[in-house]
Number of protein chains: 6
Amino acid sequence: MLVVSAHSADFVWRAAGAIALHTRDGGEARIVSLSYGERGESGELWKQPGQTEENVKRVRHAEAETAATALGASFEAMDLGDYPLHVDDAAVDRLAELMRDFAPDVVLTHPDKDPFNPDHPVAYTATQQARLLTSGAVVSAGFRTAPPSEFLVFEPHQPDLCGFVPTVFVDITPVMDRKLEAMEAMGAQQYLRSYYTERAGHRANHARKVTGRPEIRQAEAFQRIIPNVVSAL
Amino acid sequence: MLVVSAHSADFVWRAAGAIALHTRDGGEARIVSLSYGERGESGELWKQPGQTEENVKRVRHAEAETAATALGASFEAMDLGDYPLHVDDAAVDRLAELMRDFAPDVVLTHPDKDPFNPDHPVAYTATQQARLLTSGAVVSAGFRTAPPSEFLVFEPHQPDLCGFVPTVFVDITPVMDRKLEAMEAMGAQQYLRSYYTERAGHRANHARKVTGRPEIRQAEAFQRIIPNVVSAL
Amino acid sequence: MLVVSAHSADFVWRAAGAIALHTRDGGEARIVSLSYGERGESGELWKQPGQTEENVKRVRHAEAETAATALGASFEAMDLGDYPLHVDDAAVDRLAELMRDFAPDVVLTHPDKDPFNPDHPVAYTATQQARLLTSGAVVSAGFRTAPPSEFLVFEPHQPDLCGFVPTVFVDITPVMDRKLEAMEAMGAQQYLRSYYTERAGHRANHARKVTGRPEIRQAEAFQRIIPNVVSAL
Amino acid sequence: MLVVSAHSADFVWRAAGAIALHTRDGGEARIVSLSYGERGESGELWKQPGQTEENVKRVRHAEAETAATALGASFEAMDLGDYPLHVDDAAVDRLAELMRDFAPDVVLTHPDKDPFNPDHPVAYTATQQARLLTSGAVVSAGFRTAPPSEFLVFEPHQPDLCGFVPTVFVDITPVMDRKLEAMEAMGAQQYLRSYYTERAGHRANHARKVTGRPEIRQAEAFQRIIPNVVSAL
Amino acid sequence: MLVVSAHSADFVWRAAGAIALHTRDGGEARIVSLSYGERGESGELWKQPGQTEENVKRVRHAEAETAATALGASFEAMDLGDYPLHVDDAAVDRLAELMRDFAPDVVLTHPDKDPFNPDHPVAYTATQQARLLTSGAVVSAGFRTAPPSEFLVFEPHQPDLCGFVPTVFVDITPVMDRKLEAMEAMGAQQYLRSYYTERAGHRANHARKVTGRPEIRQAEAFQRIIPNVVSAL
Amino acid sequence: MLVVSAHSADFVWRAAGAIALHTRDGGEARIVSLSYGERGESGELWKQPGQTEENVKRVRHAEAETAATALGASFEAMDLGDYPLHVDDAAVDRLAELMRDFAPDVVLTHPDKDPFNPDHPVAYTATQQARLLTSGAVVSAGFRTAPPSEFLVFEPHQPDLCGFVPTVFVDITPVMDRKLEAMEAMGAQQYLRSYYTERAGHRANHARKVTGRPEIRQAEAFQRIIPNVVSAL
């Protein structure tokens, strides 16, 4: 599983449960953060006198690494800058090359629309582009390819204002403790911890509605971008 | 698995493979046809001199039963009339009662839009209504309920003109012989046999594109109406 | 050409030009009005003391007939009542029977959505239903059919609030005098005359934008509901 | 303000704050419930031995009345039955007549789509129909009219699965105690109390995002169905 | 209020009324034009023999300034070139910096889609980007921010072909004389003066439909991109 | 007629019939390929030992030229590279200049969305941009213009996953032999020949559904991006 995050904390709030389930089942999960969110989403750190961008990045890197470790995943940052995030051709190529090496079964990233964030759609576009450059036209291509991966986007902060329509709920009840631990690692953003804990409870309510299974207590929502293939319904 | 078909032949062209896979794996499949399509879709039979509506229905019932048997499924008809199909409250109740008794895991029917067919959207509406009356609000209700089922629509004849966007492909390669046998049972409609055989090949091409797996030779396309819940990605 | 109008004046404002062009070129045009709009859209007439519903209908019939005549078309009314308009199965059958007899090449009616009018979407639904019952599944059916017709909706009063997206502009410059004459026949609704005269000018501006042809001075906008077939682009 | 609720509890979870603000400012609010939700949404009551439908309705009426009183509003029920709710022409007429008498400035009801509830879209359709029959075509009509009202839908339980896109947030911080009191009156549904309390917090977070105003602690979300008119931006 | 216009005349046709109302009420309005429309929309000027691009810009600047003055607003041009308009990162930064300084309550610009104009969507994208870079994630950010503004797009020339759905009408009756004066300042484009005068009348008709208020004689239409927050309905 | 193809083979599968009809009727058709698809869609060629990019391009050019000749059209390649295709401002200008010189009546290209191909949307964007820069604002502009052309997109490989909704079917029965010949010229891609031959049969089935004309045996589907103008319905 490959998770592409615009800023270094995004994967925690939106996909920590799905990541932890994947690694619990023996899968490998790599988190690639395009930026640290050092300018736009690190306000608490900037309140400290004498703060520098380099130090903010260092702290954010450490936090994200701790969170990733709690989920059994690895974390790496491309440090491309935020607010605005720019992903040039070379960076897309790096991402594509990483996909060819890693050959993920599943790729997760942000939705393509967010009227509240300038960087999330950029992450979507770069990830989709890299994924298509990786798989080619699925005829043998004139370059190295990897098998096509499942491609999903995780839930944005205001889903109904971002065109996000969930198509699959993941029952994260068994790994909710891991998600809590990962959220705990995100130092400053206390409010988001309760927000996303409550949100996991709401999505579980929705998942109970579609299954009738009362044992689902926490869930995460995802939207598939391309159909998946199954061997039976 | 419960399949609700507007006319007695619809389930064959669009979902025979998924049905056959379900029964091959030990599942039970019931096909409920709301009408026989005796007026609008039995033109060949009406060319016979002296043809009567009762006889058309009899022939259509026999054909559909043969096809269902080939798929390991049972067939029953509600005989509500076609062109136009009307499903009144009592008929919705019968369908809901059937769902409560059968408690299907998966319900399949037509999409809610078809600018070329007056009856297909009626089948969708009746099926959705019956399904909701069956599951209640998923709090204990003042009537008998069944657990919520997965709910998908199968591919219409002109998908891009019916708002159909596939979200899942089913690899029907292992049971394509069954689908061919079921299509063979549909006496008159020779042209549709080659149409849907070719279509299964095209959908397999699409399924290969999203998986890279060359062994998929035939596939069927479905669209989930409500999200499903999984234990991991 | 068959034009199905919810109320007896609708065809004038939205399609008079297309009707006049059709009859000018030797075609036959029949206008069927489902109601007279006697309650909801005849406010001026109701201001007259002692007014009765029967008299309102009589006046509206005469006005519509005069307008139709100006366009070279015939007018007939089904008198089904307005605000709300109800089209029951028998009325749909009458409409379908009329289509089978008349076998129109083109059918025009209202769009399927109008948050400002309760009757326009009813007219759409009835027309679409009758049209599908007329053409059958385009295999020989167990009932009398007519060849499928082109199917378009005309421009509603507030297009961008009704989901109306024009797909074809008709250059009505050569018959604008006929449209003016037809509008003149609609006694009371003076304001609408200038509104729709200006509107025809605006649509001509749009039609000039897509063709560069300065001689288009008035136009009407339509949206095709189903694709048309051409012998070349 | 007129609030049309499919079941007798809906107005509490989704619009209690907006109602309380309206009455606090001197406005009058009437809540009309089309049914009691006696079959589909009263599971807790049905667990009591010897329970009857009449008694369930009695209890639900009392609860809703208490809740309405806490919000400064009146409550009335049309008792049309639920699961499924049917609103026939006579009931639409009663609703339209009520609108003509009351002449509300604002009408609130459910969205037009809900894949989890058979009755909510019925409430939307009936309310929209009644509203259009009330206002006529805004030319003087042949029947009694009331001035057009603002028309909004409140947030459904799973907004992103119901096509709900909020267009206005109401800051309900000043009346959150009233909403809590109204929710308290809804005897059995403890879980929903925390769900909607948390939801009010989340919507406040979204409202803070679009205003920057930290004093918003609770909010409700609505979607306008038709544009509103303002005297300046 | 900040109005971002792709070419120097756009603000006049689509938002002059809203601007004049804002300044009449004591607000400050700044109009920023990204280009002069010197190549694509100044055809009349280019008919003069010996015309130069510099002179066209000079004339267009003077016209826009006169129009802005008539509306009580200031006008400035970024002179980025048109057909095509390119807004690079530095220009987005200038726009963002201007927003931080000015801290507008309301931002107006073009919609994000226009199949008839290459520059209007570019203006949308740049404005949205600058706005998001200005407000940050609404947690204290590592850069200077301004409070989030209301964000609306004005009506394009062919609204129903640009995906434009009005969500708010502004009654510009009291300042229509100002809009006429501003339009008068736009030397060459006589045809557009009558087009947009008529359009204001049509939008007033729509605004009367949703309010029943006959005194609205001219209106402008806008679409909110993000929800607004109100203290009561 | 101008056809803009992302890779050198695209025009054959999707538009060969429409091209052949156009030239059969005396029209001129130019095919401009932005790249050769030398990396992403030439897998068969890359299987040859010692293959080089230059040689792949040479072979692809020859194949495309043979195909174009079979259709009576000319072929030219801009050789901008594929996977990813980049069309910079200079390339858009070349395309616009070509449009000004050629002044096509009809422009065909790819749809704007393709979740399976990184280059097709790029071709759409470049073509639309060039087309708008060619026609200007349809007032006399400060640069050389050509009259506005009809603008359509051809069918992508998976239409229902690309947002493609056909609005016009072209009956290519009379020129199907030309299309077969053109497809034959595309050396390696045998599978696509049967795929698109079957597809032409399916689209003919759809075209028969909307016309009732049994003589249509092969068809191609297109979607108009902007309305067309007709002199009568």
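Q: At what angle do the axes of helix α7 of chain C and helix α7 of chain E cross?

A: Two packed helices are described by the angle between their axes and the distance between the axes. In this predicted model, the axes of α7 (residues 190–211) of chain C and α7 (residues 190–211) of chain E cross at roughly 130 degrees and come within 10 Å. Helices (H or I, at least four residues) and strands (E, at least two) are DSSP runs, numbered from the N terminus. Axes are lines fitted to C-alpha atoms, for helices over the stretch in contact, and angles run from 0 to 180 degrees between N-to-C directions. α7(C) and α7(E) are therefore oblique to each other (under 35 degrees is roughly parallel, over 145 roughly antiparallel, 65 to 115 roughly perpendicular, the rest oblique).

Q: Which residues of α7(C) and α7(E) make the contact?

A: Contact means heavy atoms within 4.5 Å. Among them are Tyr191(C), Tyr195(C) and His202(C) of α7(C), and Tyr191(E), Tyr195(E) and His202(E) of α7(E). By class, this contact of α7(C) with α7(E) has four nonpolar, eight polar and six charged residues (Ala, Val, Leu, Ile, Met, Phe, Trp, Tyr, Cys and Pro count as nonpolar, Asp, Glu, Lys and Arg as charged, the others, Gly among them, as polar).

Q: How are α3 and α6 of chain A packed?

A: Helix α3 (residues 53–70) and helix α6 (residues 176–185) of chain A have axes 8 Å apart, at an angle of about 170 degrees. That makes α3(A) roughly antiparallel to α6(A). Glu63(A), Thr66(A), Ala67(A) and Ala70(A) of α3(A) meet Arg178(A), Glu181(A), Ala182(A) and Ala185(A) of α6(A).

Q: What is the area buried between chain A and chain B?

A: The size of an interface is often given as the accessible area lost when the parts come together. Here it is about 2,700 Å², with 68% from carbon and sulfur atoms (accessible area, 1.4 Å probe, that two parts lose on being put together, summed over both). On the chain A side, Pro227(A), Val229(A) and Leu233(A) lose the most, together 28% of what that side buries.

Q: What is the order of the strands in the open sheet of eight strands?

A: Two strands pair if DSSP finds at least two bridges between them. The order is β8(D)-β6(E)-β7(E)-β5(E)-β4(E)-β1(E)-β2(E)-β3(E), with mixed pairing. β8 (228–230) of chain D and β3 (74–77) of chain E stand at the edges with a single partner strand each, so one side of each has no neighbour in the sheet.

Q: Which conventions apply?

A: Residues are numbered from 1 along each chain as its sequence is written, and chains are lettered from A and ligands numbered from 1 in the order in which they are written. Local features need pLDDT of at least 70 and side-chain atom pairs pLDDT 80 or more, while totals for chains, interfaces and linings use all residues; side-chain values use heavy atoms, leaving out hydrogens and water.
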